[in-house]
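Work through the exercises below with the sequence and the structure open. Each task is followed by a solution in steps.

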Amino acid sequence: MKESDGAAVPGAAMLFALAALMVFAALFLGASRRPLPMMIAELVALALLVSVLLPWRAPMHRAAPVSGAGRPLSRPLQSFLILLSLVPLIQLLPVTMGLWAELPGRAFYAESIRLANGNSSGLDWRAISLIPSATEAAWLALLPPLAVFVVALRLDRERLLILVLVFLGIATLQALLGLAQYGSAAQTDSALGTYLNRNHLAGLLEMALPVSLALLAATVGHTRPPHAAGRHGRRKRTFRQWVARFSVTRINQAAALGAVSLAILLGLIFTRSRAGVTLAMVGILLSTLMFSYRLGGRNTYGLIGTFTAVGVGTASLIGLVPVWSRFTYTDPFEDGRWKIFDATVRAIGEFFPLGSGAGTFVEVLRRFHPASFPGVTINRAHNDYLEWLLEFGLIAGVLILVWLLFYVRQWGRVWKRGDWTIWRFAQAGAGIALLLMMLHTLVDYNLRTPANAVATALVAAVFFHRTRSDEGRRDRKQRASAAGAAAPQPDYRIPPENQSNPFGA
């Protein structure tokens, strides 16, 4: 048995486990956090995290690093993930009732507890969070996306690309199911898929669209025959060589990815989500700007291909404008979001800088409920950033800023000159998808839906994935540059014996 075979079996097991978790989340966790499906997903996630993070294998059975395998997490990213997972647990730490009443925003509730319970025993200690059970549930709900992100970063590129195809397959099936729902006699005026909210299906599809467009751009003419390239890749070709460029395999790949992209776009349109269609237009624009002059990885079709890609992208954007203005669903609740934002900001000021506790938004906002919304329960802030600031306080703002710094820095590693491989296209598409989800989070709560949280974690893992070979090339370049700087400069002076004319004056 080869040395690398020892890593192949765990890698394949992780691949199947992640794929199963993604499919399970799409089927059962798109509508709501039902207890039994959530428990199953959390147990699987916990098993994945334990198998990856704990050194349970004996050293003699550990295989050598596989080429293309993901490298261990960097220390800044490790610190970020550890802090993210520890914050809800810290909020479960008990403090004395006197200290708890002095914490920001707790005095009102402390007085209510005293009035309701008098001097009864058992109230000497309380968890920092207002509702410990909700905070515990929020921490457990964090496990599935955290496991997908951590485990996917450890996979090699080939297996991670398989997961990307699984993700696109899930998105395509959701889009087709949504189209079937819209065209059937069901009592629905928009595509929903397995979700209860059109915006959440739009959130999934808007992430899948740039990834599928990236793979489509990478596939078109990617496997160009060697004889087709001259000195600069533009040598004159015969008619038979031109025909050979369009092999059946290549056409099938491009046609399949084109069909997937079209199905995802149609499904997104028929969600009738105004935010979803808007972000789809942003994704098409960014994909056109980024991939139009890199078709096949090396701009295989030259200016003709670039102009064609730009024309198709521009036509798509023009066609989506009337769809956005006439077909998308105008949410009557849209204007009320600003009132919810205002109430949430007031609650943030009350509990800042410690926050009210993870998962406590619904109960906390009852105290700040807008008077113009009588008889309605506000279950979400419709802005995850504000909701995180309310529940986690100052540390949420720090984590958001650090995440944005990680995101911007990673683009510097992904964006490379020269030819792009299909993996580089996938990373760039994942970066665009991640940006669209971060923008959608400003007006909705997609990341509170477990299915979309798992999908976002996979997209983030693809974007942030770095291999040991990448690190090796960077170290070699640094050593070569250091050796070049330390090497003595050559002496070009003329030796004394050659300075005189041997033939005389």
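Contact here means heavy atoms within 4.5 Å. The model is a predicted one.

**Exercise 1.** Find the residues that phenylalanine 167 contacts, leaving aside its neighbours within four places in sequence.

Solution. Start from the chain, which has 19 helices and two strands. Next, list the partners of phenylalanine 167: Met22, Leu204, Met207, Ala208, Val211, Ala455, Leu458 and Val459. Then place Phe167 in the largest nonpolar core, which has 99 residues. Phe167 is among the members that touch the most others, together with Phe149, Leu163, Phe291 and Phe464. A second, separate core has 25 residues, including Val95, Ile128, Val364 and Leu390.

**Exercise 2.** Describe how helix α8 (residues 198-219) packs on helix α18 (residues 450-464).

Solution. First take the geometry: the angle is about 15 degrees and the axes lie 10 Å apart. Angles under 35 degrees count as roughly parallel, so α8 is roughly parallel to α18. The crossing of the two helices, α8 and α18, is left-handed. Finally, name the residues in the contact: α8 supplies His200, Gly203, Leu204 and Met207, while α18 supplies Asn452, Ala455, Thr456 and Val459.

**Exercise 3.** Compare the reach of helix α11 (residues 274-291) with its expected span, and find which of its residues are buried.

Solution. From first C-alpha to last, the 18 residues of α11 reach 26 Å, close to the 26 Å expected at 1.5 Å a residue. Buried residues in α11 include Gly276, Leu279, Ala280, Gly283, Ile284, Ser287 and Phe291. For the chain as a whole, 46% of the 505 residues are buried.

How values were computed
Residues numbered from 1 in each chain as written. Predicted model: local features only at pLDDT ≥ 70, side-chain atom pairs only at ≥ 80, totals over all residues. Heavy atoms only, no water. Helix = DSSP H or I, 4+ residues; strand = E, 2+ residues; numbered from the N terminus. Expected span 1.5 Å × (residues − 1). Buried < 20%, exposed > 50% of the residue type's maximum accessible area, 1.4 Å probe, protein only. Core = buried A, V, L, I, M, F, W, Y, C linked by side-chain atoms within 4.5 Å. Axes fitted to C-alpha atoms, helices over the stretch in contact; angles between N-to-C directions. Parallel < 35°, antiparallel > 145°, perpendicular 65-115°, else oblique. Left-handed = near helix turned anticlockwise from the far one by under 90°.
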